[in-house]
Amino acid sequence: MSRSRPRAWILVMVTSMLIAGIALSPARPAWADPAGVQRTLDWEQPADRTLPATAPPGFTKQWGTSYGATNVTGPTRDGSHAARFELRKTDPVVSSSKRAEISQRDEQPVDAERWYGFSINLATTWAHDTSAEIVSQWHQCDVGCPGGSPPLALLTDEGRWKIDFRGQFIDLGAYTTGVWVDWVFHVTWRTDSAGLLQVWKNGERVVHRTGATHGGGPRSPYFKFGIYKWDWNTGAPSSTTQRVMYYDALRLGDERAVHQDVTPQRTCARAVPVAAASATTYEPANPPANAVDGNLSTRWSGQGFGAALILDTGASRHLCGAAVAWHRGDLRWNDYTIHASQDGVSYTKVWEGRSSGTTTAPETVLFTPGPVDARYLKISFWANPENDWASITEAGPLGL
Ligand SMILES: [Ca+2]
Ligand SMILES: [Ca+2]
């Protein structure tokens with residue numbers, strides 16, 4: 001806030017905190033990824049940053065050099081980490097060819113419906129080559145399945161993005177290096193007419209095919225990503241000797257997922273449930289739990305400039321904003337701040353400003369520094385044109 005605050009307000013706030021203590025609302029279910037997302041691999045969790053020694057949990061390693069797959073801090077599609085793949089023509093053969101890939105395990109059930117969302121950034125050195133390479137593929141199961149080429153693959157070939165779908169090439173336009181390209185694949189793995197393949201590129205649906213999606217077997221195809229360039233093994237003509245690309249924001253979903261659950265183009269709109277609400281001060285008729293009961297006709301009210309509502313999500317979450325609805329919000333604006341904290345003690349300011357004064361509905365604010373990892377949000381009231389009461393009818397954190 002730009003205006004200075006009288007010192008007395010701070011005294012009121014501190015006094016209120018001492019008198020009011022803390023009131024907790026009943027526990028609510030903890031936030032989690034959408035039910036249909038089986039695995040998020042955005043490299044933001046330290047436990048996933050296992051490269052280059054091993055593949056992250058749940059995946060297998062298919063590279064043979066120290067630079068084949070590494071974790072990097074830039075460029076990233078989201079957060080602060082991504083994966084970098086590098087393959088050189090002189091690299092050792094891995095799993096019968098030249099590759100630097102991370103592979104899902106061969107354990108997908110028959111007739112599976114799956115979603116795959118990820119983002120790829122081809123390095124600026126990704127020169128035109130008449131020899132193609134696969135950058136993501138879906139491999140038929142290893143035992144009891146038809147051999148040959150994978151039923152589905154995303155490639156770069158002669159300067160263009162292409163999909164190889166059961167031997168048929170689908171051209172998806174010229175590639176640009178040095179930028180993130182978002183992909184979503186939705187596949188119903190079937191050998192009959194009930195199969196489905198849908199592909200979105202940068203949010204636009206570019207493929208919709210029905211019918212058989214693979215050649216059969218006791219399991220559905222499994223997913224692999226990274227660089228696979230077979231011509232460097234067979235000796236076929238190629239005008240390049242090195243490939244580098246970045247990979248981020250991978251989400252794997254099952255039949256319960258929808259496009260929004262896995263797409264890298266996530267908006268700050270997902271409500272993150274609150275496990276407990278408390279306040280630095282409140283009147284008994286309007287306790288803090290009223291601000292998280294889903295009812296716009298009930299409210300938390302606390303007197304005093306600096307009165308604060310504290311939302312506890314129950315664990316560290318990736319939070320990008322908040323939705324706040326004010327009592328009499330259509331009749332008066334409110335100046336307020338939002339601070340975020342991991343431990344409930346040390347807080348960092350993530351937003352400050354004024355509500356519109358034109359609506360009683362929740363208004364979304366996006367955190368100024370971008371998404372932060374935090375368990376607690378503290379919403380502090382500083383001014384309104386009517387009185388010194390903070391009155392919030394509903395408030396909640398937002399995630400991506
Ligand atoms: Ca990331
Ligand atoms: Ca309420």
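**Pockets, calcium sites and selected residues of the predicted model**

The lining of the second largest pocket comprises 8 nonpolar, 6 polar and 4 charged residues; here Ala, Val, Leu, Ile, Met, Phe, Trp, Tyr, Cys and Pro count as nonpolar, Asp, Glu, Lys and Arg as charged, and the others, Gly among them, as polar. The structure is a predicted model, in which local features need pLDDT of at least 70 and side-chain atom pairs count only at pLDDT 80 or more, whereas totals for chains, interfaces and linings use all residues. Residues are numbered from 1 along each chain as its sequence is written, chains are lettered from A and ligands numbered from 1 in the order in which they are written, and side-chain values use heavy atoms, with hydrogens and water left out.

The volume of the second largest pocket is about 260 Å³. Its lining consists of 18 residues, of which Gln-137, His-139, Gly-148, Pro-150 and Tyr-228 are the closest to the centre. At least two lining residues are supplied by each of strand 8, strand 9 (152-157) and strand 16 (222-228). A pocket is defined on a 1 Å grid over the protein atoms alone as an open set of points with protein on both sides within 12 Å along at least five of seven lines, a cavity is a set of points where a 1.4 Å probe fits but cannot get out, and lining residues have an atom within 4 Å of a point. Grid points are joined across faces, edges and corners, and a volume is the space filled by probe spheres set on the points.

The structure holds 1 cavity of 30 Å³ or more, and the volume of the largest cavity is about 50 Å³. Among the residues lining the largest cavity are Trp-63, Glu-86, Asp-91 and Arg-99. Strand 4 and strand 5 (99-104) each contribute at least two residues to this lining, which by class has 5 nonpolar, 3 polar and 3 charged residues.

The protein chain contains 3 helices and 26 strands, helices (H or I, at least four residues) and strands (E, at least two) being DSSP runs numbered from the N terminus. Along the principal axes, the C-alpha atoms of the chain fill a box of roughly 80 × 40 × 35 Å. Of the 400 residues in the chain, 54% are buried; buried means under 20% relative accessible area, exposed over 50%, and partly exposed in between (1.4 Å probe, protein chains only). Among contacts (heavy atoms within 4.5 Å) with a separation of 6 or more, 70% are between residues 24 or more positions apart.

Glu-133 belongs to strand 8 (residues 133-139). Glu-133 counts as buried because its relative accessibility is 1%. Its side chain forms polar contacts with those of Thr-156, at 2.6 Å, and Lys-229, at 2.7 Å. A polar contact is a pair of N or O atoms within 3.5 Å; within protein, one must be able to donate a hydrogen and the other to accept it, and residues adjacent in sequence count only if both atoms are side-chain atoms. Leaving aside residues up to four places away in sequence, Glu-133 also touches other residues, including Trp-126, Leu-154, Tyr-228 and Arg-243.

The calcium ion (ligand 1) is coordinated at 2.3 to 2.6 Å by Asp-42 (O), Glu-44 (OE), Asp-78 (O), Asp-78 (OD), His-81 (O), Asp-248 (OD) and Asp-248 (OD). Donors are N, O and S atoms within 2.8 Å of the metal (3.2 Å for Na, K and Ca); water is not among the atoms, so sites may look incomplete. Along the chain, the donors of ligand 1 follow the spacing D-x1-E-x33-D-x2-H-x166-D. Distant parts of the chain are linked by Asp-78, in the loop between strand 3 (69-72) and strand 4 (82-88), and Asp-248, in strand 17 (residues 242-253), the two being 170 residues apart. Asp-78 is buried at 19% relative accessibility, and Asp-248 is buried at 0%.

Asn-290, in the loop between strand 19 (276-279) and strand 20 (300-303), and Thr-393, in strand 26 (residues 389-399), link distant parts of the chain, 103 residues apart. Asn-290 is buried at 16% relative accessibility, as is Thr-393 at 5%. Asp-293 lies in the loop between strand 19 and strand 20 and is partly exposed, with a relative accessible area of 38%. The side chains of Asp-293 and Thr-298 make a polar contact of 2.4 Å.
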